[in-house]
Amino acid sequence: MSENIVQPELPLQRLNYINHDWSVWSWINSRDHKRIGVMYLLTITFLFFLGSLPAILIRLELLTPAPNLVTREIYNRLFTMHGVTMVFFFLVPSIPTSLGNFLLPMMIGARDLAFPRMNLASYYLFLAGAILALVSLVNGGVDTGWTFYTPYSTTFSNSAMTPMILGIFVAGFSSIFTGLNFIVTVHTMRCPGMYWSRLPLFVWSMYATSLILVLATPVLAITLLLVAAEHWFQVGIFDPKLGGDPLLYQHLFWFYSHPAVYIMILPSMGVISELVTTFSRKHVFGYTFIAFSSIAIAVLGFLVWGHHMFVSGQSMYAGMVFSVLSFLVAVPSAIKVFNWTMTLHKGSLVLKTPLLYALGFIGLFTIGGLTGLFLAALAVDVHVHDTYFVIAHFHYIMVGGTMMAYLGGVHYWWPKITGRMYPEGWGVFSAVLVFFGFNLTFFPQFILGYMGMVRRVADYDPQFQVLNVLSTAGASILGVGFLLPLCYLLWSLRYEPIAGDNPWGATGLEWKSPSPPPELNFETPPTVDGPAYDYDTETIHQEGKKKHV
Amino acid sequence: MQFDDAEQQHEAAALGMWAFLATEILFFGGVLTGFVIYRHRYLEAFAEGGKELWPWIGTANTAVLLLSSFAMAMAVHEAETQGRRKHIARYLLLTALLGATFICVKAVEYTIDWHEGLIPSLNWHPEHLSHPDQTQMFFFFYFFLTILHAIHMTAGIGVILIVAWQTRRPDFSSEKKTTVEMLGLYWHFVDVVWIFLFPLLYLTA
């Protein structure tokens with residue numbers, strides 16, 4: 001076979017989005033969606049590791065039943081910092097702003113997003129928000145939990161609330177601008193032949209995510225503004241002493257923050273759809289169902305916020321309605337899982353790192369989703385509310401789901417972004433490490449929660465210690481699993497082989513462009529003349545060629 | 001650079017502005033929901049609060065704002081049809097002037113409120129009120145909503161003045177037609193927000 005012949009040195013001097021201008025100014029003032037995507041990638045990766053520091057301390061504290069590493073007050077600030085950083089500054093922006101920014105215009109054959117300047121502005125808003133949150137951290141942090149429940153957050157908490165609230169407010173507008181940009185780009189910037197029915201599933205999921213970003217984030221913004229005003233002026237909007245209603249705060253907060261869960265998970269579902277098809281070498285099963293289940297999740301996601309308030313004094317009938325609606329979300333989610341499974345079925349699987357992450361995602365997301373149904377059931381929720389069962393459930397979705405997809409996606413598109421491969425052996429090793437570390441960390445927490453260990457408390461009953469030690473042990477494995485990719489991916493920038501345009505043999509417009517792509521994404525304006533994931537025809541085509549040879 | 005032609009650019013700008021306005025609706029929607037819930041719960045106190053306001057000032061201001069929207073509509077019309085730069089500039093300046101009038105009137109109103117001791121938390125003297133706490137909540141919403149609205153107006157006036165200044169450039173009408181149109185959408189939206197705020201706040205009594 002001629003493929004073993006050493007490839008001639010690729011013309012590295014070919015101009016691409018990285019080497020056309022090396023100056024610092026050309027980066028910090030860049031309107032190029034690819035550069036902004038890379039800037040986001042670096043920023044959110046930094047914030048991810050920042051957000052894991054308090055998690056390390058939390059796990060160390062929970063090794064023993066008594067609060068002997070940190071005081072209870074510090075513990076409150078630690079889990080708040082972990083939650084705020086991870087939710088608002090990592091999970092919500094993670095895939096859309098990094099991979100989404102880089103790939104969405106390329107996948108639809110556009111030269112850039114519709115509003116490149118707004119894209120850059122959204123990056124700096126995000127940075128400003130993150131800095132404000134850090135200012136709050138330096139000033140002692142916040143001890144309310146990431147949910148800022150009133151009246152504790154407005155009246156009693158004497159922590160650095162103001163910079164924290166402003167930081168999240170500002171970062172929220174960054175999300176809104178990103179979402180708005182994506183919606184407009186998908187509507188107006190598609191290349192000739194890229195009909196809606198041919199959009200890659202990643203684009204569909206980005207579109208659904210953007211709908212939520214644009215419609216839910218403003219409600220969080222106004223709610224935080226009300227909390228800040230209440231914090232400064234104490235007029236009692238959320239304070240029962242003066243006639244206010246704390247439950248109103250919870251309604252407004254969860255009207256954003258439940259859809260925000262889908263902001264975190266929908267993009268990862270998009271990534272998984274890409275990974276599963278590429279590495280099954282097969283047309284995706286049920287394209288239309290996967291595409292529209294994203295939209296269905298986005299719509300249903302707006303109708304279920306009340307399931308966070310089953311025990312908050314919400315009316316019983318409201319609880320019943322929210323419970324039923326929450327069960328409905330399982331339908332489009334399950335459609336996706338079944339379709340991925342059917343795509344894998346009888347596929348020609350190539351077990352590379354991205355597919356390992358995708359397989360991990362499918363398993364962990366299924367566990368996370370099914371335990372979500374336990375929590376959506378009114379009676380069960382009363383029992384496990386505010387216990388580690390809830391913690392385990394949403395970590396299965398957010399770490400087992402979003403984080404796995406994020407890592408899988410970064411590996412998959414790494415050759416496109418940087419032009420270099422990643423070391424496959426290390427990739428497989430760390431993917432396996434993440435999977436086992438994750439399960440060892442969070443599976444015991446399901447049991448702990450079911451046995452009644454409550455969340456957000458620094459000390460616990462000694463009978464829970466064994467499972468907590470297991471969980472901490474798992475967390476250290478998970479930590480190594482997260483650090484390894486950071487090391488070998490940076491290493492690969494210099495020492496790994498050059499990837500070539502399409503190392504995975506994937507369909508999709510982004511692979512038709514050189515790696516790394518040129519400044520305007522494509523050397524010739526692309527056109528599309530077939531459905532997405534057309535692996536079957538391509539295989540037939542190649543086989544036909546072989547026969548002729 | 002990112003667009004193929006002017007038509008695509010116009011389409012993108014229009015969709016972007018409408019999506020932004022959808023965001024704005026939910027932004028105001030959150031706090032309006034709170035207002036409606038408390039108004040329903042504390043009907044008397046909110047009515048009492050409404051009586052403390054000056055409906056005729058509010059009415060006059062509504063008229064000023066509607067006139068400014070008319071001027072804006074004329075600017076958009078001019079940009080879309082004949083595109084005479086001087087006419088566009090004049091209509092835009094008129095819009096900004098009327099908008100500024102609205103804000104000045106609002107400032108006078110706030111001053112009166114201050115003298116009457118109706119500023120929650122900062123200068124609150126509820127001696128003559130029968131439900132001081134709940135009425136304070138009404139006034140909190142009153143200031144929160146109207147200040148939020150005024151911030152949107154100020155931002156709008158700023159952009160209007162910038163665009164009016166840009167009309168001096170000879171290539172304006174062909175290039176910036178879309179900008180004037182989008183500005184019009186935004187300005188009308190801010191106007192509509194006031195159309196909701198005015199009856200909710202001033203006419204509840």
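This is a predicted model: local features need pLDDT of at least 70, side-chain atom pairs count only at pLDDT 80 or more; totals for chains, interfaces and linings use all residues.
Local features are given only where pLDDT is at least 70, and side-chain atom pairs count only at pLDDT 80 or more, while totals for chains, interfaces and linings use all residues. Residues are numbered from 1 along each chain as its sequence is written, and chains are lettered from A and ligands numbered from 1 in the order in which they are written.

**Where the chains meet**

The contact draws 30 residues from chain A and 26 residues from chain B. Two residues are in contact here if their C-beta atoms, placed from the backbone, lie within 7 Å. On the chain A side, helix 7 (161-188), helix 8 (201-233) and helix 9 (246-280) each give at least two residues. Helix 8 of chain A has the largest share, with 10 residues. By type, the chain A side holds 22 nonpolar, 6 polar and 2 charged residues. Nonpolar covers Ala, Val, Leu, Ile, Met, Phe, Trp, Tyr, Cys and Pro; charged covers Asp, Glu, Lys and Arg; the others, Gly among them, are polar.

**Chain B**

Chain B has 6 helices and 2 strands. Their order from the N terminus is α-α-α-α-β-β-α-α. These elements are DSSP runs numbered from the N terminus: helices are H or I of at least four residues, strands E of at least two. The C-alpha trace of chain B spans about 65 × 30 × 25 Å along its principal axes. Of its 205 residues, 38% are buried. A residue is buried if 20 or more other C-beta atoms lie within 10 Å of its own, exposed if 12 or fewer, and partly exposed in between, with C-beta atoms placed from the backbone. Among contacts in chain B with a separation of 6 or more, 77% link residues 24 or more positions apart.

One helix pair deserves a look. Helix 2 (residues 43-52) of chain B packs on helix 5 (residues 132-166) of chain B at an angle of about 55 degrees, with the axes 8 Å apart. Axes are lines fitted to C-alpha atoms, for helices over the stretch in contact, and angles run from 0 to 180 degrees between N-to-C directions. The two helices are therefore oblique to each other. Angles under 35 degrees count as roughly parallel, over 145 as roughly antiparallel, 65 to 115 as roughly perpendicular and the rest as oblique. Helix 2 of chain B contributes A45(B), F46(B), E48(B) and G49(B), which meet Q134(B), T135(B), F138(B) and F139(B) of helix 5 of chain B. The residues of this contact divide into 4 nonpolar, 3 polar and 1 charged.

**Two helices of chain A**

Helix 16 (residues 465-495) of chain A has 31 residues, and its end C-alpha atoms are 45 Å apart, which agrees with the 45 Å it should span at 1.5 Å a residue. The expected span is 1.5 Å times one less than the number of residues. Buried residues of helix 16 of chain A include N468(A), G474(A), L478(A), F482(A) and P485(A). The buried residues of this helix pack against helix 2 (33-61), helix 14 (388-418) and helix 15 (424-451) of chain A.

Helix 12 (residues 353-376) of chain A has 24 residues and reaches 34 Å from its first C-alpha to its last, close to the 34 Å expected.

**Backbone exceptions**

Most residues other than glycine have a negative phi, and most peptide bonds are trans.

| Site | Feature | Value |
|---|---|---|
| T150(A) to P151(A) | cis peptide bond | omega near -5 degrees |
| S515(A) to P516(A) | cis peptide bond | omega near -15 degrees |
| R456(A) | positive phi, not a glycine | about 60 degrees |
| N521(A) | positive phi, not a glycine | about 75 degrees |

P151(A) sits in the loop between helix 5 (116-138) and helix 6 (152-156) of chain A. R456(A) lies in the loop between helix 15 and helix 16 of chain A. With 13 C-beta neighbours inside 10 Å, R456(A) is partly exposed.

P516(A) is in the loop between helix 16 and helix 17 (535-548) of chain A. N521(A) lies in the loop between helix 16 and helix 17 of chain A. N521(A) has 24 C-beta neighbours inside 10 Å and so counts as buried.

N16(A) is partly exposed, with 17 other C-beta atoms within 10 Å.
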